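Look at the model first, then read the points below.

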Amino acid sequence: MDNGFNNYSGDDLNNNLNRRGGNNNNNKNDKGPKISQTIVILIVAALASLLLLSIFSNAFESATEKEITYNEFLEMIENGEVESVILDVDEGVYYITPVSSENSLINVTYWTTYIGFNDEELQDLLEEADVDYKGQQSSSSSLLTNIILGYVLPFALLYIFFAFVFRRMSKSSGGIMGVGKSNAKVYVQKETGVTFKDVAGQDEAKESMTEIVDFLHNPGKYVEIGAKLPKGALLVGPPGTGKTLLAKAVAGEANVPFFSLSGSDFVEMFVGVGASRVRDLFKQAQSMAPCIIFIDEIDAIGKSRDSRYGGNDEREQTLNQLLAEMDGFDSSKGLFILAATNRPDVLDPALLRPGRFDRRIIVDKPDLKGRIETLKVHSKNVAMDETVDFDEIGLATSGAVGSDLANMINEAAIMAVKAGRRAMSQADLFEAVEVVIAGKEKKDRLLSETEKKTVAYHETGHALVSALLKHAEPVQKITIVPRTMGSLGYVMQVPEEEKYLMTKDEMLDRITTLLGGRAAEATVFETVTTGASNDMEKATDLARAMITRYGMSEQFGLMSLETVEDRYLNERTVTNCSDATAAEIDREIKELLKECYERAMKLLSENRESLDKIAAYLFEHETITGKQFMEIFEGKEVTEPYKKKTIETSENLENTGNTENQ
């Protein structure tokens, strides 16, 4: 049961791009080589066809001949199964043609070893059976011809054909099957369709990228004062914050060739292919400077070369070639390298030193202002009514990244269409926030009366403890409707303003609020359920952070006992202390959680009447707003019951003809 939402690919280079100093008169000189190449290709194709025909004919011929014994030959004559017999004197073989059968699709020729054609009994037998027979003599020249056509010529044709194919591949593709050729996608001018206007909430990152674009357009004013263009910039940040979008915006603004590819595009199973692709990429880029090279997910080839992350010859050779190329090119020509990653801690130090990636541009989660701007950018083509307030949605989505906000706008627009309305409303946006964070409502999951009552008290415990504490965030909504992401209910809290720091008292109140659901169960039912597992996990993580990272423990003082790895991914922590100290940390966490739990129990016991009233109203209505919650808590009459936004079916819409806000 969650108690809040506060913390939640290339093509070849186009040869027709504007090449500097090109001469169209050279086209006439190219006709000769092209014609000769065509003739060679036609000859090879003809020889290959003859070869295949010879192979198939030999195979067919061998399939229609069968060796039999002399006794079987005599038996076939007696049975009238022989039509003609030919004796090859040189080969000493009888060739027997059987009587043709209407059911047989292939006429099989039998042969047997020569015994003696002067045998009168055999001649009499052939004459009695009315079988035609004659003799023939093979010449040595025909035998030599058969050997040449059957053995020498096919191998010679195969050799010529494969030699030609491999030579053409190696010349045109830089290697067999083109594996050593860079497969970067090339964008020129505004082919990406994205500009800096489409990037919101990342003002500092856009400012840094604008400087680079301006340097590419107007290098003179920088060179005049002695400034040099940085060789590269590394975009760092969590997934979904817009690193790739920012790179596409650079492509749209730069008006220079833009090479885009992923780090995994360099990696192959063959050692040396990645390094060859790096060389080919920089060769193309230098021929088209000024230009920008963008490598997405550079950690695929840029991992540190120490043994901690495991050795890989192909990846290390690719990285070494990339380092050498970045040192080798002249930045004054306007060649700039842009890379993106969300794992900067695993990158090789040689890749991050000045002279390679000179700038590290942080593309972090947007603040309140950035979230509001992002919502406006993603909703510019969406119809909205007058109730939409992005300031309120921005406060409710603290910790959301750009992709989350774009998804929320899209979900809200879909909900408006399902409801039969022509514009998106504020209610749609809040519902979309819940769908993205907690999932859709599970209408098929019906709780028993006992479970529903338990969930109602659990969520009321969270909300009531939050209202009784000084530093807790105000309640926006309470619901006991199950969601697809596993929660049976939740309390949505929205801060009154954006905060970047938390005091010790605020963190203690946060832990107490998290444990309020379990405390309510124990207070009312004198037993507990499994519903508080997620609450305890969050409370334990917060208590551990207070002691090991934030120095808020009297026993350990200002010691830093844990460090954070993968900051932009899962924020995994590593303990930097002995086992004995780790045991002491566990005891300290246990005591801290116990104090906060007892505090929540005390608050709920002192306000048992309010707990029962709010839980009963929640049990009846399933969802209540923060305003209704405070009215019940203060003993006032609920003035406006919660109105569930319904989704009309197409049949109902046809009957009523209503397309306004429901």
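Lys499 is partly exposed, with a relative accessible area of 49%. Buried means under 20% relative accessible area, exposed over 50%, and partly exposed in between (1.4 Å probe, protein chains only). This is a predicted model: local features need pLDDT of at least 70, side-chain atom pairs count only at pLDDT 80 or more, and totals for chains, interfaces and linings use all residues. Residues are numbered from 1 along each chain as its sequence is written, and side-chain values use heavy atoms, with hydrogens and water left out.

**Salt bridges**

- The structure holds 19 salt bridges, each a side-chain nitrogen of Lys or Arg within 4 Å of a carboxyl oxygen of Asp or Glu.
- Lys499 pairs with Glu506 at 2.8 Å, N to O. Glu506 is buried, at 13%.
- Arg359 bridges to Glu211, with the closest N and O atoms 2.9 Å apart. Arg359 lies in strand 11 (residues 359–362) and Glu211 in helix 6 (residues 203–217), so the pair ties together parts 148 residues apart in sequence.
- Helices (H or I, at least four residues) and strands (E, at least two) are DSSP runs, numbered from the N terminus.
- Arg359 is partly exposed at 28%, and Glu211 is partly exposed at 35%.
- A network of salt bridges links Glu431, Glu434, Lys477 and Arg483.

**Helix 14**

- Helix 14 covers residues 402–418. Its buried residues include Leu405, Met408, Ile409 and Glu411.
- Cover for the buried residues of helix 14 includes helix 12 (368–378), helix 13 (390–396) and helix 15 (426–438), where contact means heavy atoms within 4.5 Å.

Terms used. The expected span of a helix is 1.5 Å times one less than its number of residues.
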